Amino acid sequence: RSAAALRPAQGTRDHHPAQMALRERLFRTVVRCFKRHGAAAIDTPVLELREMLMEKYGDNSRLIYELQDQGGELLALRYDLTVPFARYLAMNKITNIKRYHIAKVYRRDNPAMTRGRYREFYQCDFDIAGQFDPMIPDAECLKIVHEILSELQIGDFLIKVNDRRILNGVFAICGIPESKLLTMCSTLDKLDKMPWKEVRSEMVGEKGLSPEAADRIGEYVQLHGGMDLIGQLLQGPKLSQNKLAKEGLGDMKLLFEYLTLFGIVGKISFDLSLARGLDYYTGLITEAVLLQQENDHGEESVSVGSVAGGGRYDGLVGTFDPKGRKVPCVGVSIGIERIFSILEHRMKASGEKVRTTETQVMVATPQKHLLSARLKLISELWDAGIKAEMMYRKDPKLLKQLQYCEDMGIPLVAIIGEQELRDGVVKLRDVATREEVDIPREELAAEIRRRLKP
C-alpha cells in the first residue's frame, strides 16, 4: 500500500494518548461548568435525514456531507448539534429543557489543520429551551462562556454580542431588500477574517449591492462598545425608528444590565459587525474571541480566533413541528478544537508533559518468580477501586518498573517481595521523593487514597 493510503482522510487526524489526555481534561472542565448550571446530557444521531438539515444553514448548506443508503433513503451527517436538537424537541414535544451535548460534527470544508479547523471535530453545546422572560437565559449562556474560558486559562478573551433584529434594522434603513438579508449576513460574517474593504467589495461585486448602500452599512457595522453605544442608537434618529431594531436594542440594554449583575460586563462588547452566517438565528448572536498583544509597544489587543459562538433561535423548532408550534431556544457552542490546538501548542512550547493515564499506583516486584504475588495484589487494589498497573512480564527488572513510573507520571509504587510477603506488608514508594515505607497489606488501599487526596 502507498504511504498516502495509510494517512487519515483529509481534514481529520489521529490522536495519540497525550493528546487524548489533554482533550479529556478540557471536556471535564466544560462538563463541570455545564452541570453546575443544572444542564442534563442528551445525545442525537450522527446521521439525520437530508431534508431535515438542508436550508437551515444559509450559504453553509453546501458544506453538509450527503449520503445515500442502500434502500435509497437520502441521509446527511450532522453539520452542528443545534438543528438535531431542535428536531429532537419537536419530535418529543418537549417545551422546556436545559441541556448539554458533546459530540462530533462533520463539515465538507477546506481544512486548516494548524488553526484547529477540521472536517470532523467535536462541539460542546449548551442550550436553554422554553418560554421565559426576556434575556435571562441569554445572560446565563454568556456567563457560562465566561466561566469556561476563565477556568481553562487560555488567555485574554472578549465576548462579542449583537442581535439579528438590530442587524436587520440596519439593513432596512440602508435600503437592503428583505430577500438579501440572509446572504448579507453571510458576507458580513467574514469581517472577522478580512477587512471591511474586502467585505464591501464582495457585497457590491458578488451580491449586487449598490456602493452607496454598502457605505451606509459600513457606518454601522464598524461600531462597537457597551451600554453607552446602546443608548446612543436608541436615541438616534434612524435606527430607533425601525421597530425590529428598537426591540433588539431594548433587549440588548436589558442583557447588559444582567451581565453587570453577573460581574462579567467588562468582557462583553456590543459589536454591530457580528452577523453569524446561519439562517436560524432570530435574536441574540454571540461570539467569543481570544486576544493577544500585537507587540510590546502598547498597541491594542487583536483577535486571534473565535473559540465560542451561539445565539437565539426561536423559530427553529417550529419548522419541524407538524403544527408549527414554536419553542424559544438560546444556546452557545464552545470551540473545543480551537482551544485544544492553542493549549497543545502552548504545552509543546513549554516542554510540559501530559499524563496519558490516571494510574495511581504501579504494582512491582524486586525478585523473580513473584508474578502470582503481583497478580493477587493488583486484583485486591482494583477491587478496592484503586487505579493500578503492572508490567506484562513474568520477571521484570525493578529498575525498569520504576523507570516506567517516572516516564508515565505514576506517583506511587507498591513493591511486594519475598520479605514483604513474610511480614504481611507492602513497601509503598513515592516516585517523586523516592521515600519508601512499609504498610500493612490490609491498609494499603486506604493509605494510597490518603496520599493522593487533593
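Visitor: Why does leucine 239 count as buried?

Guide: Its relative accessible area is 2%. Buried means under 20%, exposed means over 50%, and partly exposed lies in between (1.4 Å probe, protein chains only). So 2% falls under the 20% limit, and leucine 239 is buried.

Visitor: What am I looking at, and how were the values made?

Guide: This is a predicted model, with residues numbered from 1 along each chain as its sequence is written. Local features need pLDDT of at least 70, side-chain atom pairs count only at pLDDT 80 or more, totals for chains, interfaces and linings use all residues, and side-chain values use heavy atoms, leaving out hydrogens and water.

Visitor: At what angle do helix 5 and helix 10 pack?

Guide: The angle is about 145°, and the axes are 7 Å apart. Axes are lines fitted to C-alpha atoms, for helices over the stretch in contact, and angles run from 0 to 180 degrees between N-to-C directions. Arg165, Ile166, Asn168 and Gly169 in helix 5 meet residues of helix 10, including Leu244, Ala245 and Leu249.

Visitor: Why is helix 6 described as largely enclosed?

Guide: Six of its eight residues (181-188) are buried, so the rest of the structure largely encloses helix 6. The six are Leu181, Met184, Cys185, Ser186, Thr187 and Leu188. Their cover includes helix 5, helix 7 (196-205) and helix 8 (211-221).

Visitor: How do you know that arginine 99 and aspartate 127 form a salt bridge?

Guide: A salt bridge is a side-chain nitrogen of Lys or Arg within 4 Å of a carboxyl oxygen of Asp or Glu. Here the closest N and O atoms are 2.8 Å apart. That is within 4 Å, so the pair qualifies. Arginine 99 lies in strand 5 (residues 97-106) and aspartate 127 in strand 6 (residues 120-129), so the bridge ties together parts 28 residues apart in sequence.

Visitor: Are these two partners buried or exposed?

Guide: Arginine 99 has a relative accessible area of 0%, so it is buried. Aspartate 127 has 2%, so it is buried too.

Visitor: What makes lysine 190 and glutamate 202 a salt bridge?

Guide: Their closest N and O atoms are 3.0 Å apart. That meets the salt-bridge limit, so the pair counts. Lysine 190 lies in the loop between helix 6 and helix 7, and glutamate 202 in helix 7, so parts twelve residues apart in sequence are tied together. Lysine 190, at 30%, counts as partly exposed. Glutamate 202, at 9%, counts as buried.

Visitor: How many salt bridges does the structure hold?

Guide: There are 33. Another joins glutamate 358 to lysine 387, with the closest N and O atoms 2.5 Å apart. Separately, Arg32, Arg36, Lys143, Glu147 and Glu151 are linked in a network of salt bridges.

Visitor: Why is leucine 67 called partly exposed?

Guide: Its relative accessible area is 36%. Leucine 67 belongs to strand 3 (residues 66-68).

Note on methods
Helix = DSSP H or I, 4+ residues; strand = E, 2+ residues; numbered from the N terminus. Contact = heavy atoms within 4.5 Å.
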